There are 2 protein chains.
Amino acid sequence: MLTFELIHQSKKSRARVGRIHTPHGIIDTPNFVAVGTNATLKALDSTIADDIGLQLMFCNTYHLLLQPGAETIAKAGGLHKFMNRKTPIITDSGGFQVFSLAQGTVADELKSRGTKKYEGGVLKINEEGVLFRSYRDGQKILLTPESSVATQKLLGADIIIPLDELLPNSVDQKTLECSLHRTHRWEKRSLDAHLAHTNNQAMYAVIHGGTNPDLRIMSCKVLTQLPFDGFAIGGSLGKNHQEMFDLLDLVIPQLPGDKPNHLLGIGDLKSLKTVIERGVDTMDSSHPTRCARHGLLFTKQGGMKILHQSNKERFTAPEQSCTCFVCTNYTAAYLHHLFKANEMTGYTLATIHNLHFMMNLMAEYREKILHDEL
Amino acid sequence: MLTFELIHQSKKSRARVGRIHTPHGIIDTPNFVAVGTNATLKALDSTIADDIGLQLMFCNTYHLLLQPGAETIAKAGGLHKFMNRKTPIITDSGGFQVFSLAQGTVADELKSRGTKKYEGGVLKINEEGVLFRSYRDGQKILLTPESSVATQKLLGADIIIPLDELLPNSVDQKTLECSLHRTHRWEKRSLDAHLAHTNNQAMYAVIHGGTNPDLRIMSCKVLTQLPFDGFAIGGSLGKNHQEMFDLLDLVIPQLPGDKPNHLLGIGDLKSLKTVIERGVDTMDSSHPTRCARHGLLFTKQGGMKILHQSNKERFTAPEQSCTCFVCTNYTAAYLHHLFKANEMTGYTLATIHNLHFMMNLMAEYREKILHDEL
């Protein structure tokens, strides 16, 4: 089971340092959660992710449901054994990708869905759940709160997520409110299904309500009365960073301080510090790893475009003060060359560097919080 | 400089165990040479290649000449420093790829040439050298024996290769003979250019003559009179394995026994043992790494197609007796999944396995030769 240990509450902000204890070890918070959609970080094997010190990895149930299938992973002994990951994993409900497809706002992760043979998409949404068509074999799949939880139990991540409905940003308030109530019913059904077959997994609720403050407060009230192990913040977070920060100012104080929280899908460098100051414990994003594959290296001086001509003969580490495997073994010039030559090795090295950067940054933030400097 | 130490000559065949001493360490022979066209093995960084025990890597001058350019690599301190490889490297003259393009028999390595912007190709071949157009920027480049050697000196590999002419298999004997004489003149000019600026690099001649026994013998006679450090066998080796074996039976005894030899572009599992029995010391091929990226894993029981449905739930190592990083950390089912999901991690893991297999196989052959069992 999961427990949250509060180490220090900053005197300067809502930022806090904690430890989430899980069956597969500790997650120091605040922390960044990298996305390994298909049970692997792109271009990295699991042992490297461990070496870098990635304490929590986010895997996508939707993708794993379709390939290789949850039963196969269960037969392997669960996701950890399947992918040889020793440390914690979180899975989502699968709903996010299904709804993203329906709205045509195809999530980034969907680019990595392997060979697309059929037009995927949502066929029907009703109280029971959501019926969609697999892009892999055209098969119709009904995703319900109960089937999502059953799938996530087969996967066996340390933290699982109840089924929720994802709405387009532009939706009217009436639709948003109806959806929120249904999402609450789905989350309750997910929790019931989870608790009916209790194991060592933990379940985080997902707070919804879009950008409507009243609905967000209501969502917190409804969901915090249920015995969830933690609280994720999902749905539309606003049109810009400031709206998201305001929303966190509203939501975080509504959440129980003795349980961990998670911000879904946010991990861009611009937001991180402010998000942590608002009291966020963990946040996931494919941003740092995707940037890496596009040749954008994170450094303390800002993003470095490795393909820029200025790196052609820069025979020093991409970031000279960096102690990562890449910066101690390779030069910016070599990485520039690998990207120019379209060599996969470049994607691997850039990903290692960016993840190391994120882990380091998070350790620095934790240190600052401990000294009430953030 | 390079020296060859003969450890044991098999009593059973022409197979022999030796050690090639180079400025960057020892190459135990017989040995397999993996191809890292663009100054990297595909999907592997240099430290992993070292970990696997790859003692000699083949890099392609043609590719490096066009990207990042030999001057850039020289400024980095040479190929070893540029790519952080501690152990020996061999480069070719660049001619092979130029002529492959001209003949339309585009070599496999050319698939990895990055963004092709211009139609590459040979514009002119004469006594001076070969004029071709870069596929990267449309620039005309003249490759001569002298410019090839100058480029390879900038790259700084332990072993370099003189410029030769590659002919189509179907060429008539008159053309072959004319070409052979020119190749001999080019090789002599290459050697002169090499010796005029002597450093710690070694140069292997390339024996030509196609499938004509008389011309092969003549090529050996001409080239072994020159102070080359070793002898590579190039050009057309025949239409099938048997023709190649017969050709090696003819050529190898013509080469000085106190110098190393190398078979260019051959490394398929079917040929290896027989080729080694013929007395070949080293051989290069992109076959094992290319097979890996196509999901064909080498095992003692033969090639294993990882995408085959039978691997979907095979929760044991790809090869159970194998001690490689992949087989000790991952299952066939996981690799099957990675390939199904088009995850780059799959290419990396399969490449590690196949290279480990090759290194192990070579160690076994050396052991057998030492006991006169091969």
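How do α8(B) and α9(B) lie relative to each other: oblique or roughly parallel? The points below start there. Note that this is a predicted model.

1. **α8 and α9 of chain B.** The axes of α8(B) and α9(B) come within 10 Å and cross at roughly 40°. The two helices are therefore oblique to each other. The crossing is right-handed. On the α8(B) side, the contact uses Pro213(B), Arg216(B) and Cys220(B). On the α9(B) side, it uses Leu247(B), Leu250(B) and Val251(B). Five of these contact residues are nonpolar, none is polar and one is charged.

2. **α9 and α10 of chain B.** Helix α9(B) covers residues 241–251, and helix α10(B) covers residues 269–277. Their axes come within 10 Å and cross at roughly 20°. That angle makes α9(B) roughly parallel to α10(B), because angles under 35 degrees count as roughly parallel. This crossing is right-handed. From α9(B), the contact takes His241(B), Met244(B), Phe245(B) and Leu248(B). From α10(B), it takes Lys270(B), Ser271(B), Thr274(B) and Val275(B). The residues of this contact comprise four nonpolar, three polar and one charged.

3. **Helix α7 of chain B.** Helix α7(B) runs over residues 173–196 and has 24 residues. From first C-alpha to last, α7(B) reaches 34 Å, close to the 34 Å expected at 1.5 Å a residue. Its buried residues include Leu180(B), Trp186(B), Glu187(B), Arg189(B) and His194(B). What do the buried residues of α7(B) pack against? They pack against α6 (145–155), β11 (202–207) and α8 (213–224) of chain B.

4. **Helix α14 of chain B.** Now take α14(B), with 27 residues. At 1.5 Å a residue it should span 39 Å, and its end C-alpha atoms are 39 Å apart, which agrees. Is α14(B) mostly covered or mostly uncovered? It is mostly covered, with 19 of its 27 residues buried. Just after this helix, Asp372(B) takes a positive phi of about 55°.

5. **The contact between the chains.** How many residues does the contact take from chain B and from chain A? It takes 36 from chain B and 36 from chain A. In chain B, α3 (70–75), α4 (79–83), α13 (332–340) and α14 (344–370) each supply at least two residues of the side that touches chain A. By class, that side of chain B has 16 nonpolar, 13 polar and seven charged residues.

Definitions and conventions. Residues are numbered from 1 along each chain as its sequence is written. Chains are lettered from A and ligands numbered from 1 in the order in which they are written. This is a predicted model: local features need pLDDT of at least 70, side-chain atom pairs count only at pLDDT 80 or more; totals for chains, interfaces and linings use all residues. Axes are lines fitted to C-alpha atoms, for helices over the stretch in contact, and angles run from 0 to 180 degrees between N-to-C directions. Helices (H or I, at least four residues) and strands (E, at least two) are DSSP runs, numbered from the N terminus. Angles under 35 degrees count as roughly parallel, over 145 as roughly antiparallel, 65 to 115 as roughly perpendicular and the rest as oblique. A crossing is left-handed if the near helix is turned anticlockwise from the far one by less than a right angle, and right-handed if clockwise. Two residues are in contact if their C-beta atoms, placed from the backbone, lie within 7 Å. Ala, Val, Leu, Ile, Met, Phe, Trp, Tyr, Cys and Pro count as nonpolar, Asp, Glu, Lys and Arg as charged, and the others, Gly among them, as polar. The expected span of a helix is 1.5 Å times one less than its number of residues. A residue is buried if 20 or more other C-beta atoms lie within 10 Å of its own, exposed if 12 or fewer, and partly exposed in between; C-beta atoms are placed from the backbone.
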